[in-house]
Amino acid sequence: MNDHKDLVAARLLSSRDTEVRTTGTVDLARIEDAVRDILVAVGEDPDRHGLKETPKRVAHAYAELFAGLRVDPIDALGTTFEEGHQELVMVCDIEVQSFCEHHLLPFIGKAHIGYVPGLSGCVAGLSKLARLVDIYARRPQVQERLTTQIADCLHAALDAAGVIVVIECEHTCMTMRGIRKAGARTITSAVRGTLQSDPRTRNEAMELLRRGAA
Ligand SMILES: Nc1nc2c(ncn2[C@@H]2O[C@H](COP(=O)(O)OP(=O)(O)OP(=O)(O)O)[C@@H](O)[C@H]2O)c(=O)[nH]1
Ligand SMILES: [Zn+2]
């Protein structure tokens, strides 16, 4: 690990329950076996023509959908610039595609991310914010933790003065099964630093968010 990564990891570890961990490799054969078992258990014939390749396809799909478990989010924010910019930066409507860890069903929606750079004026490449969303989203998740993790990582990696993350998603475990309430949206937020403590900056962020996410 380089010095910057060490520093960010230390800041993150001291923040609330955010993990900076990359784990193992994907055992494709094991997923294939499990998918065959599920097909048998629901009353299907995994050897019929249409399903023969399905366990393999699902294994590869899961490897892709949970790829965030094997990527260190700090690496996503590797490219930063000393711009001397100390005002709010906001990126709205970043697509979110994640999986609820309770049912392994997708939840999909938008993330809106804003931050005020720290004293160094260090800003992140804009695409890196979207990469950060993807890394945390491509794990078994709950929306609250996804929101918190993005906020804490951004706060630590940029040493930002303030951070706001708002995520709005539709959970298919609530729309396709169970209570089946199509259209119900869940909105979560995580606010750190000056965006929490300074009403003026916070109001500015909320106003931009209202306009940007309209
Ligand atoms: N807070 C939160 N809850 C979630 C999220 N994703 C799914 N859930 C909820 O997790 C809960 C799991 O509840 P359980 O009672 O254990 O599971 P269940 O019997 O399948 O629940 P129902 O969905 O009500 O049928 C459900 O209420 C889901 O709506 C999330 O991101 N955040
Ligand atoms: Zn669920």
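Reader: Which residues does the annotation "domain: GTP cyclohydrolase I" cover?

Author: In the unreviewed UniProt entry, that annotation covers residues 31-209. In this predicted model, the chain over residues 31-209 is 41% helix and 28% strand, and its end C-alpha atoms are 41 Å apart.

Reader: Where does the domain assignment place its bounds?

Author: The domain assignment gives domain 1 as 28-65 and domain 2 as 79-212. The C-alpha centres of domain 1 and domain 2 lie 34 Å apart.

Reader: Why is helix α2 called oblique to helix α3?

Author: The axes of α2 (residues 28-41) and α3 (residues 54-65) cross at roughly 125° and come within 8 Å. Angles of 65 to 115 degrees count as roughly perpendicular and those over 145 as roughly antiparallel; the crossing at roughly 125° therefore makes α2 oblique to α3. The crossing of α2 past α3 is right-handed.

Reader: What makes strand β6 mostly covered?

Author: A residue is buried if 20 or more other C-beta atoms lie within 10 Å of its own. In β6 (residues 162-171), 8 of the 10 residues are buried, and the strand is accordingly described as mostly covered.

Reader: How do you know that β6 pairs with β3 and with β7?

Author: Pairing requires at least two bridges between the strands. Strand β3 (residues 105-116) and β6 have 10 bridges in the antiparallel sense, with G114 opposite I164 of β6. Between β6 and β7 (residues 186-193) there are 8 bridges, and these strands also run antiparallel; E168 has I187 in β7 as its bridge partner.

How values were computed: Residues numbered from 1 in each chain as written. Chains lettered and ligands numbered in written order. Predicted model: local features only at pLDDT ≥ 70, side-chain atom pairs only at ≥ 80, totals over all residues. Buried ≥ 20, exposed ≤ 12 C-beta atoms within 10 Å, placed from the backbone. Helix = DSSP H or I, 4+ residues; strand = E, 2+ residues; numbered from the N terminus. Domains from an automatic or database assignment. UniProt positions renumbered as here; feature names shortened; annotations may be inferred. Axes fitted to C-alpha atoms, helices over the stretch in contact; angles between N-to-C directions. Parallel < 35°, antiparallel > 145°, perpendicular 65-115°, else oblique. Left-handed = near helix turned anticlockwise from the far one by under 90°.
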